[in-house]
Amino acid sequence: DCQRFQPGPPDPVLEARLGLQHRAPRVLHISRFSHSKAPVALALIAAAELLHERLPDVQVLLIGQGPEERTVARAAEAMNRRLGRRAVFALGGRGDIPQVMRLASVVVGTATVALEAMASGKPVVAAGKGGYLGTVKEETLPRAEQTCFGDHEAADR
């Protein structure tokens, strides 16, 4: 819905309400936290340490609900303790996705999330339950098209 998802500046009130550092670089991931999809969120949490080394003020925002939501939240808390600061934000499910999208520097997701991010003018890293396709190039385009640039194919392919 390009009427709801449009480029725009981050809302400083929303930043403050979420406890985010103003203008910090942010990685946003939105997904259902199910057994097959939560591994992307967990991988981003693990990557927060490396990101922190290169971008000390980076923030990882994770939005989603599902049976693995507590696992994701616990892993986020553990990484924050390890880093000595709140770098990973497990925000649960939210109804203000267009506004949250404007907070992101880059969005990690697939399918609808990827389309909403692009409509919001955000760069997208497509990662989902089917694995990582990589940069869409001439040789990977047919595979990307087969899955609608989503995460619908089996993880063992």
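Which residues on the other side of helix 3 are exposed? In this predicted model, the answer is Arg70, Arg81 and Arg82.

The protein chain contains six helices and five strands. Along the sequence these elements follow the pattern α-β-α-β-α-β-α-β-α-β-α. Of the 157 residues in the protein chain, 41% are buried. Among contacts between residues at least 6 apart in sequence, 67% join residues at least 24 apart.

The five strands form an open sheet in the order 3-2-1-4-5, with parallel pairing. Its edges are strand 3 (88-90) and strand 5 (124-126), each of which pairs on one side only. From one strand to the next, the twist averages 20°. In general, the strands of a sheet pair through backbone hydrogen bonds, either parallel or antiparallel.

The pairing of individual strands was examined next. Strand 1 and strand 2 run parallel and are joined by five bridges; within this pair, Ile63 in strand 2 is the bridge partner of Ile30. Strand 1 is also joined to strand 4, again in parallel, by three bridges. Here Leu28 stands opposite Val107 in strand 4. Strand 4 (residues 106-109) in turn pairs with strand 5 in the parallel sense over three bridges. Val107 has Val124 as its bridge partner in strand 5, and Gly109 stands opposite Ala126 in strand 5.

Strand 1 is mostly covered, as five of its five residues are buried. In a regular strand the side chains alternate between the two faces of the sheet. Both faces of strand 1 are covered: Arg26, Leu28 and Ile30 are buried on one side, and Val27 and His29 are buried on the other.

Helix 2 (residues 38-54) lies across strand 1 (26-30), strand 2 (59-63), strand 3 and strand 4, and runs at about 170° to strand 2. Helix 5 (residues 111-119) lies across strand 1, strand 4 and strand 5, with an angle of about 165° to strand 4.

Helix 3 (residues 69-83) was examined for its length and its surroundings. At 1.5 Å a residue, its 15 residues should span 21 Å, and this agrees with its end C-alpha atoms, which are 21 Å apart. The buried residues of helix 3 are Val72, Ala76, Met79, Asn80 and Leu83. Viewed down the helix axis, these buried residues fall within an arc of 100°, so they line one face of helix 3. The elements covering them include helix 2, strand 2 and strand 3. On the other side of helix 3 are the exposed residues Arg70, Arg81 and Arg82. After helix 3 comes Gly84, which has a positive phi near 75°.

The packing of helix 2 and helix 3 was also described. Two packed helices are described by the angle between their axes and the distance between the axes. The axes of helix 2 and helix 3 come within 10 Å and cross at roughly 5°. Angles under 35 degrees count as roughly parallel, and helix 2 and helix 3 are therefore roughly parallel to each other. In helix 2, the residues that take part in this contact are Ala38, Ala41, Leu42, Ile45, Ala46, Ala48, Glu49 and His52. They meet Thr71, Val72, Ala75, Ala76, Met79, Arg82 and Leu83 in helix 3.

Leu18 has a relative accessible area of 10%; because residues under 20% count as buried, Leu18 is buried. Not counting residues up to four places away in sequence, Leu18 touches Arg86, Phe89, Leu91, Arg94 and Leu103. The C-alpha atoms of Leu18 and Leu61 are separated by 10.0 Å, and these two residues are 43 residues apart along the chain.

Key
Residues are numbered from 1 along each chain as its sequence is written. This is a predicted model: local features need pLDDT of at least 70, side-chain atom pairs count only at pLDDT 80 or more; totals for chains, interfaces and linings use all residues. Side-chain values use heavy atoms; hydrogens and water are left out. Two strands pair if DSSP finds at least two bridges between them. Helices (H or I, at least four residues) and strands (E, at least two) are DSSP runs, numbered from the N terminus. Axes are lines fitted to C-alpha atoms, for helices over the stretch in contact, and angles run from 0 to 180 degrees between N-to-C directions. Contact means heavy atoms within 4.5 Å. The expected span of a helix is 1.5 Å times one less than its number of residues. Buried means under 20% relative accessible area, exposed over 50%, partly exposed in between (1.4 Å probe, protein chains only). The arc is that of the directions from the helix axis to the C-beta atoms. Angles under 35 degrees count as roughly parallel, over 145 as roughly antiparallel, 65 to 115 as roughly perpendicular and the rest as oblique.
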